[in-house]
Amino acid sequence: MAKTIAKKNTIKQNNLVDFNFPFTKKNWILIFSGIGLLILGYALMATSISKDPANNDGIWNNSLAVNIAPIILTIAYCIVIPTGIMLRDKSTESIEQI
């Protein structure tokens with residue numbers, strides 16, 4: 001009786017080990033670098049905030065906020081983060097097909 005209980009426990013432990021999480025280290029690096037790009041883009045966009053909010057003349061003189069920040073945000077939202085989510089490891093795909 002004790003052997004069957006021990007055998008069931010080892011089967012349960014082996015099933016937990018066999019679970020493969022789809023994200024690898026490369027995925028997490030891409031996702032966190034995308035989040036870093038988002039923070040950088042929004043920080044650059046915030047540089048256009050004027051010190052005198054009562055004086056709203058409608059002129060944007062900061063090229064970082066007008067040109068560079070939207071490009072960085074678009075790259076982060078449309079390229080880096082989706083690539084980090086959808087990227088798969090080639091070695092695990094070949095194992096799954098067998």
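These are my notebook entries on a predicted model of one chain.

**Ground rules.** I number residues from 1 along each chain as its sequence is written. The model is predicted, so I take local features only at pLDDT of at least 70 and side-chain atom pairs only at pLDDT 80 or more, while totals for chains, interfaces and linings use all residues, and side-chain values use heavy atoms without hydrogens or water.

**Secondary structure.** I looked up the elements and found four helices and zero strands, in the order α-α-α-α along the sequence. Helices here are DSSP runs of H or I with at least four residues, strands are runs of E with at least two, and numbering starts at the N terminus.

**Contacts.** I took contacts as heavy atoms within 4.5 Å. Of those between residues at least 6 apart in sequence, 76% join residues at least 24 apart.

**Helix pair.** I checked α2 (residues 25–46) against α3 (residues 63–86): their axes come within 8 Å and cross at roughly 165°. The axes are lines fitted to C-alpha atoms over the stretch in contact, with angles from 0 to 180 degrees between N-to-C directions. The two helices are therefore roughly antiparallel, a label for angles over 145 degrees.

**D89.** I found D89 in the loop between α3 and α4 (90–97). I list D89 as partly exposed because its relative accessibility is 34%, between the 20% and 50% limits.

Note on methods:
Parallel < 35°, antiparallel > 145°, perpendicular 65-115°, else oblique. Buried < 20%, exposed > 50% of the residue type's maximum accessible area, 1.4 Å probe, protein only.
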